[in-house]
Amino acid sequence: MKAKAVTIYGIKSCDTMKKARAWLDQRGVAYAFHDYKSAGIERGRLEAWAREAGWETLLNRAGTTFRKLPEKDREGLTEKKAIALMSAQPSMIKRPVLDAGGTLLVGFKPEQYEKAFGVRR
């Protein structure tokens, strides 16, 4: 089986990111890390993720950044508006986003990672 190119997107200091990276490290899964707080994120990539996973899944509504938005920005969200918000403030993107050679996982659930990589705990 050909090894998949794996990239994990997120923010270095995020606890969920640390868990996901530890999971990958413990299983010897090689990956590239893209910190979108320091490196930013291309709008086209966000749009592709939104098409694949759904913008509602991608938008981190539980985070402080989203909750601090004025009510007018939080109401009546559309895909276009959500992508503009995530593009302007990448910390509004749910973390991590893992791209494993065409398989996109949003958030960290060990059972999803096990399935994607075909490994057990």
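Helices here are DSSP runs of H or I with at least four residues, numbered from the N terminus. The legends below describe close-up views of a predicted model.

**View 1. Helix α2 and the Arg43–Glu47 salt bridge in the predicted model.** Helix α2 covers residues 43-53. Arg43 and Glu47 both belong to this helix and are four residues apart, which means that about one helical turn separates them. Their side chains form a salt bridge, in which the closest N and O atoms are 3.2 Å apart. Arg43 has a relative accessible area of 35% and is partly exposed. Glu47, at 30%, is also partly exposed.

**View 2. Two further salt bridges, Arg45–Glu42 and Asp73–Lys72.** The search of the whole structure gives three salt bridges. In one of them, the side chains of Arg45 and Glu42 meet with an N to O distance of 3.0 Å. Arg45 is partly exposed at 30% relative accessibility, and Glu42 is partly exposed at 41%. Another joins the side chains of Asp73 and Lys72, N to O, at 3.4 Å. Asp73 is partly exposed, with a relative accessible area of 22%, whereas Lys72 is exposed at 61%. Side chains of opposite charge can pair when their charged atoms come close.

**View 3. Strand β1 and its pairing with β2 and β3.** Strand β1 spans residues 6-10 and is joined by four bridges to strand β3, residues 97-100, in the antiparallel sense. The pairing of β1 with β2 also involves four bridges, but is parallel. Ile8 has a bridge partner in each of these strands: Leu98 in β3 and Phe33 in β2. Helix α1, residues 15-26, takes part with β1 and β2 in a right-handed β-α-β unit.

**View 4. The hairpin of strands β3 and β4.** Strand β4 consists of residues 103-106 and runs antiparallel to β3, with four bridges between the two strands. Asp99 is placed opposite Leu104 of β4. Two residues separate the strands of the hairpin. Gly101, in the turn, has a positive phi of about 50°.

**View 5. Asp35, a buried acidic side chain without a salt bridge.** Asp35 is located in strand β2, residues 32-35. The nearest side chain of opposite charge is that of Lys12, 5.2 Å away. The side chain of Asp35 does reach the backbone nitrogen of Lys37, at 2.9 Å. Beyond its neighbours within four places in sequence, Asp35 contacts Gly10, Ile11, Lys12 and Gly40.

**View 6. Asn60 in the loop between α3 and α4.** Is Asn60 buried or exposed? Its relative accessibility is 14%, and Asn60 therefore counts as buried, the limit for this class being under 20%. A polar atom of the Asn60 side chain lies 3.3 Å from the backbone nitrogen of Ala62. Leaving out residues up to four places away in sequence, Asn60 touches Phe66, together with Ser91, Met92, Ile93, Lys94 and Arg95.

Conventions:
Residues are numbered from 1 along each chain as its sequence is written. This is a predicted model: local features need pLDDT of at least 70, side-chain atom pairs count only at pLDDT 80 or more; totals for chains, interfaces and linings use all residues. Side-chain values use heavy atoms; hydrogens and water are left out. Two strands pair if DSSP finds at least two bridges between them. Buried means under 20% relative accessible area, exposed over 50%, partly exposed in between (1.4 Å probe, protein chains only). Lys and Arg count as positive and Asp and Glu as negative; His and the chain ends are not counted. A salt bridge is a side-chain nitrogen of Lys or Arg within 4 Å of a carboxyl oxygen of Asp or Glu. A polar contact is a pair of N or O atoms within 3.5 Å; within protein, one must be able to donate a hydrogen and the other to accept it, and residues adjacent in sequence count only if both atoms are side-chain atoms. Contact means heavy atoms within 4.5 Å. A crossover is right-handed if, with the strands pointing away from the viewer, the path from the first strand over the helix to the second runs clockwise.
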